[in-house]
Amino acid sequence: MEFYTVLLPLAIILALSKILVKLFARIHVPAVVGMLAAGVLIGLIGLIPGQNVLTDTSMEGIGFIAKIGVILIMFSAGLETDVKQIKAVGFPAVIITAAGVIVPMGLGFLTAAAFNGAFSGDRDALISALFYGVILTATSVSVTVATLKELGRLSGKLGSTVVTAAILDDIAGVVVLSVVTALAGDASASPWVVLLKTLAFFAFAAAAGLTFSKLFGVIERKWPHHRMLPILSLSMCFFFAYASEAWFGIADITGAFAAGLMLSGNPERAYIDRRSDIMSYMVFTPVFFANIGMTTEFSAVDGSMLLFGILFILAGITGKLAGCSLTAAACGYGGKDSLRVGIGMMARAEVALVCAQKGVESGVIDSGIMPFVVMLIIITSFVTPILLRLTYKGEPAEEETHPATGAENTAT
């Protein structure tokens, strides 16, 4: 097999992704959208008769690199989890998280079940509908953080609550994804057995993480900021990803996320994250998102899928907005602040795509849903900052206190 054929599409992906990410950044569009757009454009090459760029061999190679990319993305998501912030915000964030997972997942499930016959009791259809719901549980806080930071509201109670709830959303979403994926992979599996395996994996991850932490502590004391730290961190990521899938029957991305989570409290976290991102965002991450764009099947979108896709997007937006807003109000937040929490939780990005891609690869959900997941990301990325700014319109800048430190932060 001529694996060198992967080099040409790889070169095109890296160059075009970088160009589009830069162009989209000028209009405040997340980088993920630029990389997806690059994939869609490159995918058009496949329509040219006689082309030898996107061959079966080259696409196989790109797909393999993309699988490494998704593992690194989930590792980074876990690494960026701020456990101290979760403790600082406390109970309200937990309640908002529960609503931010349960309500959109429930709406996504009901929407899918209305189309795929899950209400008839068919096990495969039921699991498929659950998987559609899981896709809607993730929250991408990057857009919200950037907007709140511009408005000088990030370090206050509201900003901390939204960021913490979004972090917890990802953790809960990954756990739910693991359970549903394991159920889909084994037709005879009991939900309770799968749940026990998931809990057993996280117990294993905690024990293994403690061992790695001691090793990292020795290295930090002798060689602070040494490149051995990010190298061993990546080794830990790949080991956890392998162990979760091979030993516990849990999705490999869960293992990667758990590895990042175990390292999130490390004093050298920022250094590890920065060095890991250099490798990830130079090659693997652009290839993952571009591969989604390249392999998205728009031809699979018929009339029924179009209607389902539109309702799916509405379920995703409504689930976060209504569920989180109402829950924030129940936790004592004012009317405007409750609305801001709901708006801030609407945005989606890479984790939603990871979940959807996992479902397509495992044959649990229809590949025709991918264009609508991309549309959900684009819509929420544009709408979230606009609506947040409107809710703050006319309000004077104020001094905010960070809940964890008590330090004042003057908005500018």
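Contact here means heavy atoms within 4.5 Å. The model is predicted.

Q: Which residues does Ser-233 touch, leaving out those up to four places away in sequence?
A: Ser-233 touches Phe-75, Phe-216, Leu-263 and Ile-272. Ser-233 itself sits in helix H10, residues 228-248.

Q: Why is Ser-233 called buried?
A: Its relative accessibility is 0%. Buried means under 20%, so Ser-233 counts as buried.

Q: What makes Thr-295 partly exposed?
A: Thr-295 has 35% relative accessibility.

Q: Where does Thr-295 lie, and how far is its C-alpha atom from that of Val-40?
A: Thr-295 belongs to helix H12, residues 269-295. The C-alpha atoms of Thr-295 and Val-40 are 8.0 Å apart, although 255 residues separate them along the chain.

Q: Why is Val-383 called partly exposed?
A: Its relative accessible area is 31%. The cut-offs are under 20% for buried and over 50% for exposed, so Val-383 is partly exposed. Val-383 is part of helix H16, residues 370-392.

Q: How do you know that the reach of helix H13 is close to the expected one?
A: H13, residues 303-330, has 28 residues. From first C-alpha to last, H13 reaches 40 Å, and 40 Å is expected at 1.5 Å a residue.

Key. Residues numbered from 1 in each chain as written. Predicted model: local features only at pLDDT ≥ 70, side-chain atom pairs only at ≥ 80, totals over all residues. Heavy atoms only, no water. Helix = DSSP H or I, 4+ residues; strand = E, 2+ residues; numbered from the N terminus. Expected span 1.5 Å × (residues − 1). Buried < 20%, exposed > 50% of the residue type's maximum accessible area, 1.4 Å probe, protein only.
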